Structures are given as C-alpha cells and as structure tokens.
Amino acid sequence: MQYDVIVIGSGPGGYVAAIRCAQLGLKTAIVEKYNTLGGTCLNVGCIPSKALLDSSEHYHNAAHAFKTHGINLDNLGIDFGQMIKRKQQVVDANTSGISYLMKKNKIDTHFGVGSFKDKNTIIVKKSDGTVTEITSKNVIIATGSKPSALPFLPIDKKRIITSTEALSLSEVPKHLVLIGGGVIGLELGSVYARLGAKVSVIEYMDSIIPTMDKSLGRELQKVLTKLGMEFYLGHKVTGAVVNGDEVTVSCDTPKGEKLELKGDYCLVAVGRIAYTDGLGLENIGITVEERGRKITVNDHLETSVKGVYAIGDVIKGAMLAHKAEDEGTLVAEIIAGQKPHIDYNLIPGVVYTWPEVAAVGQTEEQLKAAGVKYKTGSFPFKASGRARASGDLDGFVKVLADAATDEILGVHMIGPRAADMIAEAVVAMEYRASAEDISRMSHAHPTYTEAMREACLAATENRAIHI
Ligand SMILES: Cc1cc2nc3c(=O)[nH]c(=O)nc-3n(C[C@H](O)[C@H](O)[C@H](O)COP(=O)(O)OP(=O)(O)OC[C@H]3O[C@@H](n4cnc5c(N)ncnc54)[C@H](O)[C@@H]3O)c2cc1C
C-alpha cells in the first residue's frame, strides 16, 4: 500500500493531520496501536476528565449550592459506578466519531504498532502478531506522551496511580494524596474533593499551576482551599510505601523537616513525557532529547530526516490538544505546498477547575523579566451582574497591555466559563487589538464576557464602569 502521507498516532495531532491531508487531496493512512482512535485526549485525557469534572460539579452544586437557589433535595447520593459508566459512554461516542471521520475522509486506518523500517516504509504490527508494510512519501509522527513518574516512586496502578487510573477508579477515595499541583492533578483532585474525598496536594514549587501568571495560582489556591483541598507547597516528595489499602507518602518540608501523609490513594501527576517507544527511530537516524525524550524539529516541524515530520506532545512546546491539532493542520498544509503559520504565543492554556482558569499571551512575570513596560486592568467577578445571578463570585479577569501602544499582551482570567471566554482574548490578540478596541465593542448584558470588557476599560485609563 502506497500513500502520500502516513500518520503514526491518532490523537488530536494525528487525526487532525490525517483529515487535513485528505482534504488537500493527499492519499492518507493513519496507524494506531490501541483499538480505539483519539489518543490520550479522547481516551484517557481531556474528554474523560471533563466528563467527570461535569458530573462531580453537578453533585457538588446539588449538595452545596441548590439550597441557596431555593431547591431542596432529600437523600442526595452518589452512584459512582454510573458516573464512571457515563464517562466511558462519552469517551466511546467521541472515539467512534473519529472512526466515522476517518471513513468520511477516505483515510485508511491501520490498527497496530507502527515502526520505521526506513524513512518511507512503516511496519504495522497488529496485536495478533501479524505484520503489514505500508509505504509513503511523507510520514507524520504523532505518538504523543505518557505520564511521567518519579524514579524513586514506582507506580503500582492500584494505590499509587497516574491520571489514567484516576479516571477509572472503582470508589471515591477517602484521602487522595496528590503529588503535583499542575493542571492535570488539580483537575482530578477537584473531581474527588467535590465528591467528598479529602485531597492533599504536595507541590515542589512555591505555588500551584506554577507556569501560569502567579495571580491565577494564588486565587485558585484560595478557591480550592474553600473546597476543602489542603496544600503543601515547597514540599519535596521522597517516597511512598503501600501497605494493604493504605499508602504513606513521605516528603521534606521547606524547613527540611520530615512529613508523612497517609491516604488510600496517591495520584502522581508530575507531568508527561514524550512517547517514542517501539517507533524504530534508530532505523532512520532520529535521536530524541535526553530530557523529556522529545523529537527535535525545525520551523516546518520536519525532523532531521527529510519527509518525516513530528507534531503534538512528542515535540517541544505546550502539551495541549489544541496545540497538537494546530500542528497537524500546519504539517498537512506544508506537505501540500502551502505556507501556514502558528503563533505559539497565542495558544491558550486552561485549567478546568471551578472556577475555570484560562490565559493567553505573556504573564506579568514574563513581561517584567523582558523589561517590557505594561499596564494592568483587572475586574473581579464579584462586580459582575451575571456572576452575581449565578453565584460564581470568585475570580477576576486581568488584562496586560503595552504601556505605550495599548496593544493587549496577555489576558489571565479565573472565573465562570473562563475556558470559553479566553477565545475573545485570542481573537483580539491575533488581530493585535488594543485594550481600548475591546472596551469599545458591545458585549451582551448580562454575560461573563462583560468582565473582559471591564478589565480592558480598567487598562484604558482606569475607566472601568462597575468598580
Ligand atoms: C488527564 C488529562 C487531561 C487532559 N486535559 C486536557 C485538556 O483539557 N485540554 C488540552 O488541551 N489537553 C489536555 N490534556 C493533554 C492532551 O491530552 C495532549 O496534549 C494531547 O492528547 C496530545 O495529542 P497528541 O496527538 O500529540 O498525542 P496523543 O493524544 O497522546 O496520541 C498519541 C497516539 O499515538 C499512539 N501511538 C503511540 N506510539 C504508536 C506507535 N508506535 N504506533 C501506533 N500508534 C502509536 C498512542 O496509542 C496514542 O493513541 C490532558 C491530558 C491528560 C492526561
């Protein structure tokens, strides 16, 4: 079988690349080692985590917020088995949607582990041991990532678990000890905190979501503390021991003292590492970086071997589904002879806690470090009529704009539906809008998006109306 493009890996990078290639008239195949398409994102990442976040948020609201709305519920309970079953139904609907899209776009799907025989030949080894060879002018590596582990802390997948197991537990933990205060850990931690688990977060850095604007981490910690989560910042985990149903996690406190936390589950969420096992990269002379195991690519996302590209989590940059998708589109268009471009500064980052956290562009810390003169406009949700109506008063929108030109340089928000609201900031920044531009545009009332306009007004000569 001879193709124009073979894509290895069917996550958001791979399947989007395949569809865009097919749209551009290229004969395309996709190779996936698991039985379902969609990769980490659809099977054990974005989609199942959001399904559980939504279910647990409904329960939490029913238990804590409904009363204030005048809704009384008797005998409220959790059917955790049903919650996990629904999550799986959501996953199944999404992954079969990708199979449909492959057929619709006439993309051949080959299930099995793909590996390079040479730069144009991919060997596909199926789970029953049978082997096929397919050839192509171009190959796109989209093999993604897997959870990182700590070398001294073996994951048994029963009591010491990764995000994958945390999405399919058979019970709500009593005490979840969470190692890592990043996005994935906090999302899953908040799922279980809402369902009644005690959740203790151990983070090595001195703030949670440490790569985002510091103001977001501070506010998020406040709201998650209200939810009952405990934080051990600046603590260094040194080991974990399982004894029956109990796991004891030991760490060093910032003062150098020893601390032990005992729980029934320990979730290790310390990041992800690029996945290239079994790809046979050595057969075509591609090496991976020692740290992070990432494949090096040029500006066209081409590896050191001509005609072999790599996208998504397996290369440098944010490990995000939409970044992988954008790169999939970019490589397809490059192969088809077009001249696409990605502005990596404008890839938004989101944390789907409640309230949600979302950001795009430069943080205050980055602007300070670069010596850029900027002004700040901030608007708290407690001053928003829409947020008061829904009872979502935590958080704010912060806009950073160039002190001289007023161009928006960064937008950082924590609040209701921030994940959706950040799109306005991305569009504004893509078109190089000034804070005044946004503040002069009509925003429907009452909506959460008015907070974006008010923050822009605040950045424009301190003209916010409602504070
Ligand atoms: C719990 C969790 C929640 C997340 N939530 C979000 C979120 O809300 N938003 C967001 O943007 N990102 C989120 N992410 C990150 C997101 O899932 C990844 O950034 C995204 O899936 C990367 O896409 P990818 O296409 O590069 O790789 P992947 O999605 O990892 O897909 C790679 C695919 O390649 C296959 N593969 C690997 N090697 C081979 C081989 N040799 N042959 C054949 N197939 C192979 C794998 O089986 C896999 O299906 C989350 C991740 C996790 C773990």
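Mentor: Let us begin with a hairpin: in the one formed by β5 and β6, five residues lie between the strands, and glycine 129 takes a positive phi near 95°. Before going on, note that this is a predicted model, in which local features need pLDDT of at least 70 and side-chain atom pairs count only at pLDDT 80 or more, whereas totals for chains, interfaces and linings use all residues. Residues are numbered from 1 along each chain as its sequence is written, and side-chain values use heavy atoms, with hydrogens and water left out.

Trainee: What counts as a strand, and what counts as a pair of strands?

Mentor: Strands (E, at least two residues) and helices (H or I, at least four) are DSSP runs numbered from the N terminus, and two strands pair if DSSP finds at least two bridges between them. In general, strands of a sheet pair through backbone hydrogen bonds, either parallel or antiparallel. Here β5 and strand β6 (residues 131-141) pair in the antiparallel sense over five bridges, and valine 124 has threonine 132 in β6 as its bridge partner.

Trainee: In what order do the strands of the five-stranded open sheet run, and is the pairing parallel or antiparallel?

Mentor: The order is β8-β15-β9-β10-β11, and the pairing is parallel. The edge strands, each pairing on one side only, are β8 (160-161) and β11 (230-233). Strand β10 (residues 198-203) is joined to β11 by four bridges, with valine 201 standing opposite phenylalanine 231.

Trainee: Which helix lies across β9, and at about what angle to β9 does the helix run?

Mentor: Axes are lines fitted to C-alpha atoms, for helices over the stretch in contact, with angles from 0 to 180 degrees between N-to-C directions, and contact means heavy atoms within 4.5 Å. Helix α6 (residues 183-194) lies across β9 (175-179), β10, β11 and β15 (265-268), and runs at about 170° to β9.

Trainee: Which strands form the open sheet of three?

Mentor: That sheet has the order β12-β13-β14 with antiparallel pairing, and its edge strands are β12 (236-243) and β14 (258-263). Neighbouring strands are turned by 20° against each other on average, direction ignored. Six bridges join β13 (residues 246-252) to β14, and valine 249 stands opposite leucine 261.

Trainee: Which residues come nearest to the ligand?

Mentor: A residue is near a molecule if one of its heavy atoms lies within 4 Å of it. Of the 39 residues around the ligand, Glu32, Thr40, Lys50, Gly114 and Ala321 come nearest. The shell divides into 17 nonpolar, 17 polar and five charged residues, where Asp, Glu, Lys and Arg count as charged, Ala, Val, Leu, Ile, Met, Phe, Trp, Tyr, Cys and Pro as nonpolar, and the others, Gly among them, as polar. Helix α2 gives the largest share, four residues.
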